[in-house]
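Here is a short tour of a structure, written for someone new to reading them. Take a look at the sequence and the model, then read on.

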Amino acid sequence: MATAAAAPGRARRGAPMYSKELTSKKRDEFEDILEERRLSSDLRYAMKCYTPVIYKGLSPCKPNAIKSAVLQSEQVQYVIKQLAKEMGESPDIIQEEATEILDEMGHRMQLGAVRFFAFTLSKIFKQLFQRVCVNEEGMQRLQHAIQEHPVVLLPSHRSYVDFLMLSYLLYTYDLALPVIAAGIDFLGMKIVGELLRRAGAFFMRRSFGGNRLYWAVFAEYVKTMLRSGYAPIEFFLEGTRSRTAKTLTPKFGLLSIVMEPFFKREVFDTYLVPISISYERILEESLYAYELLGVPKPKESTSGLLKARRILSDNFGTIHIYVGQPVSLRTLASGRISRCPYNLVPRHLPQKPSEDIQEFVSDVAYKMELLQIENMVLSPWVLVAALLLQNLPAMEFELLLEKTLWLKGLTRTFGGFIEWPDNLCAKKAVLSGLTLHSNIAQLVDGHVVLNDKGVEDGATGEIVFKRALAILMCATYRNQLLNVFVRPSLVALALQMTPSFRKEEVYSCFSFLRDVFSDEFIFFPGISLKDFEEGCFLLTKCDAIQTSQQEIYPTDKGSVTVSFLSAMFRPFVEGYQLIFRYLSKETKEAFTEKQFIPGVRNFVFQLLEKGVTQCYEALSSDMQKNALAALVQLGAVKKKKMSNGFTYNVNQEAVSKILDMFDARIPVQKPVAARL
Amino acid sequence: MAAAAGEAAGGGGGSPSSARRRLRIISGHLRGAPRAPGRGALSPSPCKAQGGSAGPASGSIPKKRQELLKWNGWGYNDSKFIFNKKGQAEFTGKRYRLGGMILPTFKEWIEKTFGASLEHKTTSRASLNVNDVPPSFVNEEFLQDLIATKISYSQDAEDRVFRAHGHCLHEIFVLREGMFKRIPDIVVWPVCHEDVVKIVELACKHNLCIIPFGGGTSVSSALECPEEEKRTIISLDTSQMNRILWIDEKNLTACVEAGIVGQDLEKQLAESGFCTGHEPDSMEFSSLGGWVATRASGMKKNIYGNIEDLVIHIKMVTPRGIVEKNCQVPRMSTGPDIHHFIMGSEGTLGVVTEVTIKIRPVPEYQKYGSVVFPNFERGVACLREVAKQRCAPASIRLVDNAQFQFGHALKPQVASIFTSFLDGLKKFYITKFKGFDPNILCVATLLFEGDREKVLQHEKQVYDIATKFGGLAAGEDNGQRGYMLTFVIAYLRDLGLDYYVIGESFETSVPWDRVLDLCRNVKERIVRECKEKGVQFAPLSTCRVTQTYDAGACVYFYFAFNYRGISDPIHVYEQIERAAREEILANGGSLSHHHGVGKLRKRWMKESISDVGLGMLRSVKEYVDPNNIFGNKNLL
């Protein structure tokens, strides 16, 4: 069992994680940028004199100059020559191929397109959103950062609106517009793809690990723009939009590309700027829910976009954008990186990063995501959703109000960033949430009821599906709390799962849960013990537990908190158990992901129909994938790369063993316990 | 040998012809300094006038160094920067071209660059306080044995303090305001190889510590006595071993005693029509033995080579005995070259006593030159191309904009309206007509040497290349002043110290493709570190590419800042210098190109040459000097 065994080695890095004084952490004030838009002409705004602040070392150049610099670069030329030699082809042909790749990839930022977007987005955003709130101090910090060093913008990704909004924001504040790494699928959209390209998007294929030429061209393209300080580079650490509103585990490829110029000292420093964008109501909420239930995602197409315009009549509340403190890569790397590997090889040769570097990149990625989470604004509705899900199918309104206030306090104690105006009473807050989310829940006869219309009529299958849809949508909002709550909650869960109160047993259970859920929630790698201590600290702070030398036990009045916290994560525990059970008994020994998802979905579906389980969230393909990934990490499933994707081999005995551990049969690891 | 060579402490040397001029002036200045016996007819006599009495000095630098040189700063007593009664900067003395000249814009430059003010002054102690000097402890039996050898010695406080330091900033600071914790107990002046053998034998017999001393221009803390050394420390001053033993015109070699300083070596060889061409910026003061011990590099290495290219044979006295080769040949394949154990050993293995060095006929013609580039990037690209075509002149250096402006500030008062008009015209042409930004442009200085015809041809080739990189020829005079700048800076530090400005230089070597990144990053790091450490004024952080090679370049940094408002400036200074070195290493630069390691840069040795490499050096030390007689603790 790969529990905390890895901890000692990595813990010494003294990883910087969570600030101890979470509640007292000072956060910036927000300003609504739409307010001014509503007062003055959008056209004039779009045509305003735009002279952005730019990087101090920048010598201005056109997008095409960048492309030719990339093609001529030693890096790309080297790979071209290598491939030509290996494939026995003329370098010219490969060079041609590289040019094509670059043309497909490259952006063509034009002020005209930017102005077009500035105009149309003003109109659209004003339709869709009540307010777009930004921390102005963050924008000021960003302005300084952009002038000083190359900047990498790392926003969270919940919606397509993210990158449009961010560019719009930078335009509004007269900052250099970012170039944005976008998925190639956008190019499938006629006109829009090209329009995005002119607004600064560049396009990357979804997977190109094996294609050395593509990799070289892509990496060099990004690095050339970074080195020259051409524009801030923006991409999503999560790789794709999170369908669950829960931060996805980071992808490392692009991050390691943008970090390399610093490793090779081609730039003095690079700023990484975590940006948290949160939506009171997510534009794609129902699409996501369908997708998670296996109704395929519509391909990006222009006509699809036009069809979607009916949502323009809908209200999507407020967006909060928190631009975090720019983080200096140089500071992060100080003392971490051995310089030798980069000094002994010419810098233009492609070099596989050392283990040190890979570990560092991964740590940085997690750190950035944790910063995103820390600054992510939570709306009152998020609290309501969390409470509602624990009290299905309906909850008395007055009780909900009372509980919402209680949860607000708890969330703040845990460092959650709740935007709740001082004078706003609970009733108003909850009611406005209900109005905005009437598609999810409604107030009926003094009770708040989950809106799963059409449940009464239709077949059982239909009922289950509708209900699942409503629950998954509701969960999307609760999920925004989870990463704030995960550490204390897993301690609470461990307390309930462990028969005794002995610290080392609780810790073993915590550590097990942390490993199992390592793809589900964001944990800084390798610091299980610190996470545990953090969880205990927060629970002690809210008087939920007491600790002695050897024991941890809930206080009398804390049992409410403890059971609330564990109930919050119960769907994951149960869901994982169902999925593991499927894997340990119901499946073949070898399968592909394509076979796995429908298989497990059917399995869970049947159980739900029979009423054996109430765990609707286990239908979520996101949870299913995460659970499978966790087993791969734990070594119970082997993942093999085949020509047509991945194949999985299950060690059913090992999976059964892990299942047993949910029933509190977790062996205590002595050496780890000794450090408690 | 601990005596450093190289461009020590910002170097004292200058351009060859100005150096030669200096030499001439200096030789005239030393009123009829008696020639050593046999100097006229060079003879391979084993040892000159035996006897312990401190006879009159025979080289440019006397035995009592303090009579000619500053005790608490760089160079000659009579040469220094001052602000005269009118508040104008002036360089005193007659030794240098700048001597007696008024520098009208210099004051403004200092005030602008450092935020320094003439009203805020610190003054050094006027003279050495003998009472502060640690007492001399010398083993009585050893003293009897030493007297019996008739080798000259001294236990005088001034003599000992003078040999307790090099020219690092912290060492000069201590001289001005404090006292070293540990200094040599006794100074000895051997006059020949045999004397050195006797001294080393006595040291072994009585288990004493020897620290060799050559020119005293070290900038690596190499001369500092280890505080924890309990044994008697003997400072072995080689300055009296300064004869040319023979010149072999057929093979173009000369055998020279290791204590000779650069200016004397060149002066004496010139009498026979030869030169070594080895001109580190410190050549007025640094010694041949010191060059060998630190792996020195000379300004004109493109023609003559660095010390490792120049040396044909080395004789060194070690506790284990004498190490030398059996012949004087251009190259041999007899295992690893033992010379490479000696070169760069920094006085940890023994004393170099005699060196056979290559010589060349004095060149017929010399010409300076300079090129202005629109920016530093273009300049570096040009130097790279010159190196690629292997057509580098005797010296080619590229200074960045800050150093260009500094050079400008050192322009003496113009003699006539006509010259000032010409200067204005030049400036107009470059900045207005050619569009060079005076705050970005940079300058390369050139020195050509050889046959007149070839020099002119060579000059054309280099200027043609420069044109391709947007360079504009900027005249001989600018070139010459550029070289003068190098030796002037060392004197300048003493002036800075009077006005709360401290500074130092350091150097590295780096592959061509990393030159620009390294220069930019190191300068930026210095600026940032200063800010972080509470330095209130932006520092001077400037560099030049000072040597070119096939595979890379040598880069030289100057760094200085105003320390008003900082309680422990030396500590802050050292932290910043250390950060700058870390930055150099992270950018793929070397620990040192020619200053050496000493004690200042020891902490990075392992990283620089690997564990095994360090072990190899240690095992040599253990074999050659098992009792650590040469206990200056440098390098390892």
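## A buried charged pair in chain B

B:Arg493 and B:Glu504 are both buried, meaning under 20% relative accessible area, with exposed being over 50% and partly exposed in between (1.4 Å probe, protein chains only). Their side chains meet in a salt bridge, at 2.8 Å from N to O. That term stands for a side-chain nitrogen of Lys or Arg within 4 Å of a carboxyl oxygen of Asp or Glu. B:Arg493 sits in helix H16 (residues 476–498) of chain B and B:Glu504 in strand E19 (residues 501–511) of chain B, so the pair ties together parts that are eleven residues apart in sequence. Helices (H or I, at least four residues) and strands (E, at least two) are DSSP runs, numbered from the N terminus.

A word on the ground rules: this is a predicted model, where local features need pLDDT of at least 70 and side-chain atom pairs count only at pLDDT 80 or more, while totals for chains, interfaces and linings use all residues. Residues are numbered from 1 along each chain as its sequence is written, chains are lettered from A and ligands numbered from 1 in the order in which they are written, and side-chain values use heavy atoms, leaving out hydrogens and water.

Now for A:Asp531 and A:Arg514, whose side chains form a salt bridge at 2.6 Å, N to O. A:Asp531 belongs to helix H23 (residues 528–541) of chain A and A:Arg514 to helix H22 (residues 503–516) of chain A, so this pair links parts that are 17 residues apart in sequence. A:Asp531 counts as buried because its relative accessibility is 0%, and A:Arg514 counts as buried at 7%.

A:Asp42 and A:Arg37 also pair up, at 3.0 Å from N to O. Both A:Asp42 and A:Arg37 are buried.

## Where the chains meet

How many residues of chain A are in contact with chain B? There are 13, and they touch 16 residues of chain B, where contact means heavy atoms within 4.5 Å. Between the two chains there are six salt bridges. One of the bridges in the model joins B:Glu524 to A:Lys56, with the closest N and O atoms 3.6 Å apart.

## The chain B fold

Chain B has 19 helices and 21 strands. Of its 636 residues, 61% count as buried.
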